[in-house]
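Hi everyone, thanks for making the time. I'd like to walk you through one structure this morning, so please have a look at it with me.

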Amino acid sequence: MPKRILVIPDVHGESFWKEPVHKYIDQVDKVIFLGDYLDPYRSHLEEYDFDAVYKNMMEIIDLKQNNNDKVV
(Lines give C-alpha, C1' and ligand atoms only; values in the text may rest on other atoms or scores of the structure.)
Protein backbone atom coordinates (compact mmCIF):
# COMPACT_ATOMS: atom_id res chain seq x y z
CA MET A 1 0.00 0.00 0.00
CA PRO A 2 1.42 3.44 -0.91
CA LYS A 3 2.47 5.71 1.92
CA ARG A 4 0.97 9.16 2.32
CA ILE A 5 3.70 11.73 2.87
CA LEU A 6 3.39 15.41 3.64
CA VAL A 7 6.51 17.26 2.50
CA ILE A 8 7.30 20.64 4.03
CA PRO A 9 9.83 22.49 1.87
CA ASP A 10 12.33 25.13 2.94
CA VAL A 11 10.95 26.77 6.08
CA HIS A 12 13.31 29.80 6.18
CA GLY A 13 11.94 30.88 9.57
CA GLU A 14 8.37 31.08 8.29
CA SER A 15 5.34 29.47 9.94
CA PHE A 16 3.42 28.42 6.79
CA TRP A 17 3.99 24.76 7.72
CA LYS A 18 1.71 24.86 10.77
CA GLU A 19 -1.66 24.81 9.02
CA PRO A 20 -1.01 21.84 6.69
CA VAL A 21 0.80 19.84 9.38
CA HIS A 22 -1.96 20.27 11.94
CA LYS A 23 -4.61 19.63 9.31
CA TYR A 24 -3.08 16.46 7.85
CA ILE A 25 -0.82 14.92 10.50
CA ASP A 26 -3.40 12.27 11.38
CA GLN A 27 -4.01 11.46 7.71
CA VAL A 28 -0.42 10.87 6.59
CA ASP A 29 2.22 8.27 7.36
CA LYS A 30 5.13 10.72 7.45
CA VAL A 31 5.74 14.45 7.65
CA ILE A 32 9.09 15.28 6.10
CA PHE A 33 10.74 18.67 6.60
CA LEU A 34 13.33 19.38 3.91
CA GLY A 35 15.38 21.89 5.88
CA ASP A 36 16.49 25.51 5.69
CA TYR A 37 14.76 26.02 9.03
CA LEU A 38 16.37 29.28 10.13
CA ASP A 39 18.04 31.14 7.29
CA PRO A 40 15.93 33.99 5.90
CA TYR A 41 15.49 34.86 2.27
CA ARG A 42 17.66 37.85 1.43
CA SER A 43 14.56 39.92 0.73
CA HIS A 44 13.32 39.24 4.31
CA LEU A 45 16.50 40.17 6.17
CA GLU A 46 15.30 43.60 7.30
CA GLU A 47 12.10 42.21 8.85
CA TYR A 48 13.66 39.02 10.26
CA ASP A 49 12.36 38.54 13.79
CA PHE A 50 14.90 36.32 15.54
CA ASP A 51 12.61 35.63 18.52
CA ALA A 52 9.76 34.51 16.26
CA VAL A 53 12.13 32.35 14.21
CA TYR A 54 13.49 30.74 17.37
CA LYS A 55 9.94 30.05 18.61
CA ASN A 56 9.04 28.58 15.21
CA MET A 57 12.07 26.26 15.32
CA MET A 58 11.20 25.15 18.85
CA GLU A 59 7.66 24.33 17.66
CA ILE A 60 9.11 22.11 14.93
CA ILE A 61 11.31 20.36 17.50
CA ASP A 62 8.31 19.91 19.78
CA LEU A 63 6.31 18.46 16.88
CA LYS A 64 9.11 15.96 16.26
CA GLN A 65 9.35 15.01 19.94
CA ASN A 66 5.61 14.43 20.16
CA ASN A 67 5.47 12.51 16.86
CA ASN A 68 8.88 10.88 16.77
CA ASP A 69 7.92 8.02 14.46
CA LYS A 70 6.06 10.26 12.03
CA VAL A 71 8.09 13.49 11.69
CA VAL A 72 11.41 13.50 9.83
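Let me start with how the elements are named: helices (H or I, at least four residues) and strands (E, at least two) are DSSP runs, numbered from the N terminus. With that in hand, D36 sits in the loop between β2 and α2.

A word on what you are looking at. This is a predicted model, where local features need pLDDT of at least 70, side-chain atom pairs count only at pLDDT 80 or more, and totals for chains, interfaces and linings use all residues. Residues are numbered from 1 along each chain as its sequence is written, and side-chain values use heavy atoms, with hydrogens and water left out.

Now the overall layout. The protein has two helices and two strands, and along the sequence they follow the pattern β-α-β-α. Strand β1 (residues 5-8) and β2 pair in the parallel sense over four bridges; two strands pair if DSSP finds at least two bridges between them. Within that pairing, I8 stands opposite F33 in β2.

Together, β1, helix α1 (residues 18-24) and β2 make a right-handed β-α-β unit. Right-handed here says that, with the strands pointing away from the viewer, the path from the first strand over the helix to the second runs clockwise.

Next, what is inside and what is outside? Buried means under 20% relative accessible area, exposed over 50%, and partly exposed in between (1.4 Å probe, protein chains only). Of the 72 residues of the protein, 28% count as buried. The accessible surface comes to about 5400 Å², of which 53% belongs to carbon and sulfur atoms; areas come from the Shrake-Rupley method with a 1.4 Å probe, and for residues only the protein chains shown count as cover.

L34 counts as exposed because its relative accessibility is 55%. With I5 and V7, L34 forms a nonpolar patch on the surface, with about 280 Å² of accessible area together. Patches are made of residues with over 30% relative accessible area and no salt bridge: like charges are joined within 9 Å, nonpolar side chains (Val, Leu, Ile, Met, Phe, Trp, Tyr) within 5 Å. A salt bridge is a side-chain nitrogen of Lys or Arg within 4 Å of a carboxyl oxygen of Asp or Glu.

Most residues other than glycine have a negative phi, and most peptide bonds are trans. H12, in the loop between β1 and α1, has a positive phi of about 50° although it is not a glycine. D36 also has a positive phi of about 50° without being a glycine. H12 is buried, at 9% relative accessible area, whereas D36 is partly exposed, at 34%.

Finally, V28, in the loop between α1 and β2. V28 is buried, with a relative accessible area of 9%. Leaving aside neighbours within four places in sequence, V28 is in contact (heavy atoms within 4.5 Å) with R4, L6 and K70.

That's my tour; happy to take questions.
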